[in-house]
Amino acid sequence: LRLICTTTTVQKKNVGASGPEKYTEAFIKKQIEEFNLGKRHLANMMGEDPETFTQEDIDRAIAYLFPSGLFDKQARPMMKHPTEVFPEQRKIQWGEDGRPFHFLFYTGKQSYYSLMHETYERFLNVQKHQDQLIAKDLPLQKEKRNLAGSRWLTKIELEEMLLEKLSDDDYLRFIQLLQKLVALPCADIEENYIQKFSKEVPVQLQKVVIEPLQYDERGVAFSTGEGKRKTARATAVVYDNGTGKITVNGTDILHYFPVLQDREQLLFPFQFLGRIGKHDMVCTVSGGGRSAQAGAIRLASAKALRSFVTEKEVEFMRQAGLLTVDPRVKERKKPGQEGSRRKFTWKKR
Amino acid sequence: RIMPVRWSRYNPSYLEPEVKKESYQKPLEELTEEEREQMELKAVRPIKAAPPTLSSSVFSDPMISKFTNMMMKSGNKVLARSLMSQTLEAIKRKQLEKYHKAPENEKETIECNPYVIFHQALKNCQPIIGLSNITKGGKTYQVPVPLTDNRKRFLAMKWLITECRENKHRRTMMPEKLSQELLLAFNNEGPVIKRKHVLHKMAEANRAYAHFRWW
């Protein structure tokens, strides 16, 4: 099982949670002092004001003073704050007599278990509060938290927070406990605590700019769109006040796409918006196969139709899957196998 | 939470597209709580592209597409699709023949819509309970097990297709064989319905082992 599509948060490796302590506190403090001094010297050298010298200015100054042609950005000279350079590590967990400070030290994952205990304590707290409200016959609060705009912390972010390695099962259990806590009606009391573990998802819509309609010599409104699918690339020009004629690479669709399924795909955006007889379309397409070209033209026409239609309908088109580029492509053949998935015939001897 | 998905090109946070036009025209008040939450979720998350077999027109039916895909051999969708349309045409022709020959009072009971016949035939062929092999103490037992909706539909379609491919005369065309099977299944007769009953009887016979199931 391998994740193919991952966000950058998942791909960052967590260096801090592993390994014994290498840097003492005093050492890091000294590094910070040296960094600040060096920052002031650098500002003086560049002729800038030492008080208002930001990290970006430092990066630019270093790139100017020490130009490097190395490809790997991490290998070039850099001057960053010591907390970024030396990853956060756990201080020694036991005192001079050898006795550990935390009571859960011998479990091995002390911060994880203490976190679970704390979350469960708050869960019981909320239940007690709920019981009190029921005893007094007061109504329970029913304001639902907006789940759609937030996500829980990923496993890697949680590991960074706890400075300790977690297993997948541990992470799952913690998320299940949090979900149970959120599901209770009176969970608003612990809102602060829950917010520590949830993050805002940036609003997906990413306001794509819808181009305004253009007008050609006869005064007819038209708009263009581009689409692709597998290796096919298509451009479509949709004209207003039309009869529903569609031309592909100079030929009519009935001649270019003899298969019914492809023609259905071409008409899909128009049928969805209810504008079958109202628009004319002229498209050019190249590359790919029969079905890929149909998919490419479908995407191109859907993008072109955005300019003719209200924002709500654009949102409906997006939710119907008409405006997303299909990422599926042919999987590569691997060495030691006959195709992308098929292995060679297994022979016993 | 990100779950590892086996080799999907899409990020697991992508949702399935909703193609039917009617679901977008419902006014806000008619929606239930769950539908409102679903709507809010859809507004935030990205959505997968609609596959080429799915369309919002009246003629595209997900069950018919599934059946066509199961009939397809070596990726020849054109042939499978033409066979399917010929089957539906054959069903319509047979039903119309029966309709015109029938006396006045029986004309209303004869169903002419091939889609309705297809759906009803599939429903009649679906088994309710299935058998699964569970090995306990060295011996493998056939244990009766409840089936999910997807599995039931898959078994019904698979039985219809294998029945037509294997147990008929070699020279008959597939649309002919399929239309015959579908009409028999619509009336609860025919070899596929018999196979379903045989499976049910086996499950009833092995009732004693039902407690071997742990899920």
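**Exercise 1. Find the volume and the lining of the largest cavity.**

Solution. Step 1: the largest cavity has a volume of about 120 Å³. A cavity here is a set of points, on a 1 Å grid over the protein atoms alone, where a 1.4 Å probe fits but cannot get out. Its volume is the space filled by probe spheres set on the points, which are joined across faces, edges and corners. This is a predicted model: local features need pLDDT of at least 70, side-chain atom pairs count only at pLDDT 80 or more, and totals for chains, interfaces and linings use all residues. Side-chain values use heavy atoms, without hydrogens and water; residues are numbered from 1 along each chain as its sequence is written, and chains are lettered from A, ligands numbered from 1, in written order.

Step 2: count the cavities. The whole structure holds 3 of 30 Å³ or more.

Step 3: list the lining, meaning residues with an atom within 4 Å of a point. The largest cavity has 16 lining residues. Nearest its centre lie A:Arg229, A:Gly295, A:Arg298, A:Asp326 and B:Ala50.

Step 4: assign elements. In chain A, β4 (221-229) and α11 (290-305) each give two or more residues to this lining. The largest share, 5 residues, comes from α11(A). Helices (H or I, at least four residues) and strands (E, at least two) are DSSP runs, numbered from the N terminus.

Step 5: sort by class. The lining has 8 nonpolar, 4 polar and 4 charged residues. Ala, Val, Leu, Ile, Met, Phe, Trp, Tyr, Cys and Pro count as nonpolar; Asp, Glu, Lys and Arg as charged; the others, Gly among them, as polar.

**Exercise 2. Trace the strand pairing from β4(A) to β5(A).**

Solution. Step 1: β4(A) pairs with β5(A), residues 232-239, in the antiparallel sense over 8 bridges. Pairing requires at least two DSSP bridges.

Step 2: look at the link. The two strands form a hairpin with 2 residues between them. A:Lys230, in the turn, has a positive phi of about 55°. A:Arg229 stands opposite A:Ala232.

Step 3: move on to β8(A), residues 280-286. It runs antiparallel to β5(A), joined by 7 bridges. A:Val238 has A:Met281 as its bridge partner.

**Exercise 3. Is B:Ser65 buried or exposed?**

Solution. Step 1: locate B:Ser65 in helix α3 of chain B, residues 62-71.

Step 2: B:Ser65 counts as buried because its relative accessibility is 17%. The cut-offs are under 20% for buried, over 50% for exposed, and partly exposed in between (1.4 Å probe, protein chains only).

Step 3: check its side chain. A polar atom there lies 2.7 Å from the backbone oxygen of B:Asp61.

Conventions:
On a 1 Å grid over the protein atoms alone, a cavity is a set of points where a 1.4 Å probe fits but cannot get out, and a pocket is an open set with protein on both sides within 12 Å along at least five of seven lines; lining residues have an atom within 4 Å of a point. A polar contact is a pair of N or O atoms within 3.5 Å; within protein, one must be able to donate a hydrogen and the other to accept it, and residues adjacent in sequence count only if both atoms are side-chain atoms.
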